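Subject: A structure for you to look at

Hi,

Here is the structure I promised to pass on, with some notes to read beside it. Please open it first and keep it in view as you go through them.

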Amino acid sequence: MHLTRIAPTPSGYLHLGNLYNFLLIQEKAQAHRLAILLRIDDMLKERVRDEYISDVFETHAFFKIPYQLGPTNSTDFIQFHSQHHRLPLYEQALNALKENALVYACTCSRSEMQQTAAACACQHKNLPLSTPQAAWRLKKSPNHPITFHAETGKQTFPFPQHLRDVVVRLKNGRPAYQLASLVDDVHYGVDFIVRGDDLLPSTLVQLWLAELLGYSGFSKTVFHHHALLKLPNGEKLSKSAGDTSLRALIKNGLTAEAIRAHLNSLYPF
Ligand SMILES: [Zn+2]
């Protein structure tokens, strides 16, 4: 069985943009006979709140979005499905990168990192990977474009320059998003990924990281990148935009059908 996933980050209430993504995943799953895994990416613990996790389940129930694998409620999620249970898997991947000398320690501050996103001088300092408060970054970035499978055939893009020497382990020792997301997809056997086109650079980085880690099966994954939902005034929807949160719309008495119709008027499928 081929598998896709709905993978929200519980760092805010879900909004219309999330719903658009979920419904598109549902549509692709029907079209390609894919099972759906619900995977809640809660590794960024400082921004995660219980009410945001509950919101994911409430949203799926309200809009009757089916999924076949994953947690059924918040308690089940925390007991069995949180990314924290998969820390050993992320550690294993990080150790493999370490053993193959593919990472270097970086002690740049967050603002220094943003300024020198493409790389930093730390690679030449040879700091021990055990240096306290050091992030781990990939030593090697490809000098060739990256090709992946889309529904309509292969697509090729240049490797994103701003994600060279990408961080795979954060200063606090936790796995970075790029690594955790890849390890999870490989772990569950996800082979069809639907995501916003803001994550296209992440797709390219994760394909490269998979190559370094020897996850050969990941190169067969089919990717569908969709345009991000924008408000009629052209503004991007965000979790901070309270009035577009699904919760606010539901509180205002809108039915699931009305919200779907509203979504369709903003952004026809
Ligand atoms: Zn650095």
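Let's begin with two helices: the crossing of α6 and α7 is right-handed. A crossing gets that name if the near helix is turned clockwise from the far one by less than a right angle, and is left-handed if anticlockwise. Before going further, please know that this is a predicted model, in which local features need pLDDT of at least 70 and side-chain atom pairs count only at pLDDT 80 or more, while totals for chains, interfaces and linings use all residues. Residues are numbered from 1 along each chain, following its sequence as written.

A word on names: helices (H or I, at least four residues) and strands (E, at least two) are DSSP runs, numbered from the N terminus.

**The helices**

Two packed helices are described by the angle between their axes and the distance between the axes. The axes are lines fitted to C-alpha atoms, for helices over the stretch in contact, and angles run from 0 to 180 degrees between N-to-C directions. For α6 and helix α7 (residues 200-213), the axes come within 10 Å and cross at roughly 70°. That makes α6 roughly perpendicular to α7; the word covers 65 to 115 degrees, whereas under 35 is roughly parallel, over 145 roughly antiparallel and the rest oblique.

Which residues of α6 and α7 meet? From α6 they are Gln178, Leu179, Ser181 and Leu182, and from α7 they are Ser202, Val205, Gln206, Leu209 and Ala210. Contact here asks that the C-beta atoms of two residues, placed from the backbone, lie within 7 Å. By class, this contact of α6 with α7 has five nonpolar, four polar and no charged residues. In that count Ala, Val, Leu, Ile, Met, Phe, Trp, Tyr, Cys and Pro are nonpolar, Asp, Glu, Lys and Arg are charged, and the others, Gly among them, are polar.

Helix α6 (residues 177-188) also packs with helix α4 (residues 87-99), at an angle of about 110° and with the axes 10 Å apart. That makes α4 roughly perpendicular to α6. The crossing of α4 and α6 is right-handed. Leu89, Tyr90, Ala93 and Leu94 in α4 meet Leu179, Ala180, Val183 and His187 in α6. The contact of α4 with α6 divides into seven nonpolar, one polar and no charged residues.

**The strands**

Next, find the open sheet of three strands, in the order β3-β4-β7, with antiparallel pairing. Strands count as paired if DSSP finds at least two bridges between them. The edge strands, β3 (103-106) and β7 (167-169), each pair on one side only. From one strand to the next, the twist averages 45°. Helix α4 lies across β3, β4 and β7, running at about 115° to β7.

Strand β5 (residues 146-150) pairs with β6 in the antiparallel sense, over five bridges. A hairpin of two residues joins β5 to β6, and histidine 149 has lysine 154 in β6 as its bridge partner. How many of the five residues of strand β6 (residues 153-157) are buried? The count is zero, and β6 is hardly covered. A residue is buried if 20 or more other C-beta atoms, placed from the backbone, lie within 10 Å of its own, exposed if 12 or fewer, and partly exposed in between.

**A few single residues**

Isoleucine 6 is in strand β1 (residues 2-6). This isoleucine 6 counts as buried because it has 22 C-beta neighbours inside 10 Å. Leaving aside neighbours within four places in sequence, isoleucine 6 is in contact with Phe22, Ile25, Ile36, Leu38 and Tyr67. The C-alpha atoms of isoleucine 6 and arginine 195 are separated by 9.0 Å, although the two are 189 residues apart along the chain.

Alanine 101 is in the loop between α4 and β3. It is not a glycine, yet alanine 101 has a positive phi of about 55°. With 10 other C-beta atoms within 10 Å, alanine 101 is exposed.

Asparagine 126 is in the loop between α5 (110-115) and β4. Asparagine 126 has a positive phi of about 50° and is not a glycine either. With 8 other C-beta atoms within 10 Å, asparagine 126 is exposed.

Enjoy exploring!
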